[in-house]
Amino acid sequence: MLKTSLSFLFAVAAFCITPSTAHSSEAVIVGLDADMSSGSALSGEAIRRGAEIAIDEVNARGGVLGRPLELKVLDHRGNPARGKDNIEELGAMEDVVAVLGGIHTPVALAELDLIHSNELIYLSAWAAGTPVVENGRDPNYVFRVSVRDQYAGEFLLTAAVERGHNAPCLLLEETGWGRSSERAFKAAAEKLSKSIVDVQWFNWGVKDLREHLHLFHERGCDVVMLVANPREGAVMVRSMLSLDKAERLPIVSHWGITGGDFSEDVGQDFSEIDLLFLQTYSFIKPVFPERAAQVIETYLSRYDDVASVEEIPSPVGTAHAYDLIHLLALAIEKAGTFDRVAVRAALEELPAYNGLIRDYAPAFTPKRHDALDAGDFSLARFSSNGAIVPVE
């Protein structure tokens, strides 16, 4: 079990959110609108930490246009209505230049109208739903350093096929994220000349998925493609473990299950389950070790609940937020102003930047607001102590 616990993070989040309402009169504010206290709170905390480390680096070299950056954290608890309230609040604040977004695609989709009516730059650090970015708005205020479901579906299904699975079934949460993933998986199956054997749906808060898994077994599935957040993903694993060993299927999962303390959520040994999941970054095996070294050193010295690089929770959230803050700082400098409209335009015309995750050349263009693609994806699994470990 990782040393980091949700109870600890809830306390940290509660402590950090309250004082954020007061800030330096000269500071430029970056909002964080994420789950900080519910089932995916580790993801919000990971994003906060990546943003804090990057902001400290930006401020150490003089800030942006002579002013420091500061983070204001608001907790939407995975609730779209709370998310909309947060966007209203942040959009009304004159000193807010942009907002980092969290794990939940349904929240981000619910916020799109307010994001654009407030001309508020939304930097998606996790939510993977394709329509979050491909939202039909012009100009589009959403930019993402994260997974795009359109690419994730093909990556995950290809990984399953390469491991010898030819009869995939989909187990999806009944949300905009689940529907986006269904489209991606079905398009990938057609491209790979494979058939999706069955599709089953579940709602947030589901307590038992054995019936779904029995149906998969009866219909001849040989792998479950899972799209779930930590709580429902844990229900799925517990349900799988309750079946006879002959009925248990391998699981290839989207990354939502890594947004919480999954080992704690499962609450039992799941080493007998073959579970792989998507990632974009690992501090254990970084793409650019020399760039990661200082971030890791700062992280371990700043956050004393984490004792080693293996214990860094939800690493993708930290890495995405870190790169997004630096890209935002570049855009502000290029625009020469904190005006949101001008900074949004500058994000589409950034110079090349060597980030933690990849070399951005550039990160965004007027027609492409997704900075990552399938070439940045990898597979991982949980170790016996809950650490996220890359799969060779």
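Student: What kind of unit do β3, helix α4 and β4 make?

Tutor: They form a right-handed β-α-β unit, with α4 covering residues 105–117. Right-handed here means that, with the strands pointing away from the viewer, the path from the first strand over the helix to the second runs clockwise. The helices (H or I runs in DSSP, at least four residues) and strands (E runs, at least two) are numbered from the N terminus. This is a predicted model: local features need pLDDT of at least 70, side-chain atom pairs count only at pLDDT 80 or more, and totals for chains, interfaces and linings use all residues. Residues are numbered from 1 along each chain as its sequence is written, and side-chain values use heavy atoms, leaving out hydrogens and water.

Student: In what order do the five strands of the open sheet come?

Tutor: First, the general idea: strands of a sheet pair through backbone hydrogen bonds, either parallel or antiparallel. Here the order is β2-β1-β3-β4-β5, and the pairing is parallel. Because β2 (69–75) and β5 (142–144) sit at the edges with a single partner strand each, one side of each has no neighbour in the sheet. From one strand to the next, the twist averages 25 degrees.

Student: How many bridges join these strands?

Tutor: Two strands count as paired if DSSP finds at least two bridges between them. Strand β1 (residues 28–34) is joined to β2 by seven bridges, and I29 has E70 in β2 as its bridge partner. Between β3 and β4 there are four bridges, with A98 partnered by I121 in β4. Three bridges link β4 to β5, where S124 has R144 as its partner.

Student: Which way do the residues of β4 point, and are they buried or exposed?

Tutor: I121 and L123 point one way, Y122 and S124 the other, and all are buried. The cut-offs are these: buried is under 20% relative accessible area, exposed is over 50%, and partly exposed is in between (1.4 Å probe, protein chains only).

Student: Which strands does helix α12 lie across?

Tutor: Helix α12 (residues 315–335) lies across β1, β2, β3 (96–101) and β4 (121–124), at about 160 degrees to β3. Angles run from 0 to 180 degrees between N-to-C directions, using axes fitted to C-alpha atoms, for helices over the stretch in contact (heavy atoms within 4.5 Å). Helix α13 (residues 340–347) lies across β3, β4 and β5, at about 40 degrees to β4.

Student: How many residues does the largest nonpolar core have?

Tutor: In soluble globular proteins, nonpolar side chains tend to be buried together. A core here is a set of buried Ala, Val, Leu, Ile, Met, Phe, Trp, Tyr and Cys residues joined through side-chain atoms within 4.5 Å. The largest has 102 residues, and those with the most contacts inside it include L100, L123 and I325. Its largest share, eleven residues, comes from α12. Setting aside residues up to four places away in sequence, I325 touches V30, A51, A54, I55, V58, L69 and L100. There is also a second, separate core of 29 residues, with L209, C221, A228 and V237 among them.

Student: Where is H254 found?

Tutor: H254 is in the loop between β9 (251–253) and α10 (262–266). It counts as buried because its relative accessibility is 1%. Beyond its neighbours within four places in sequence, the contacts of H254 include A128, D149, W177 and F277.

Student: What is phi in R77 and S314?

Tutor: Most residues other than glycine have a negative phi, and most peptide bonds are trans. R77 has a positive phi near 55 degrees, and S314 has one of about 40 degrees. R77 lies in the loop between β2 and α3 (80–91) and is partly exposed, at 45% relative accessible area. S314 sits in the loop between α11 (289–302) and α12, and at 2% relative accessibility S314 is buried.

Student: Which peptide bonds are cis?

Tutor: One joins D138 and P139, with omega about 5 degrees; P139 is in the loop between α5 (130–133) and β5. Another runs from A361 to P362, with omega near -5 degrees.

Student: What does the protein chain span along its principal axes?

Tutor: The C-alpha trace spans about 65 × 45 × 40 Å. Of the 392 residues, 60% count as buried.
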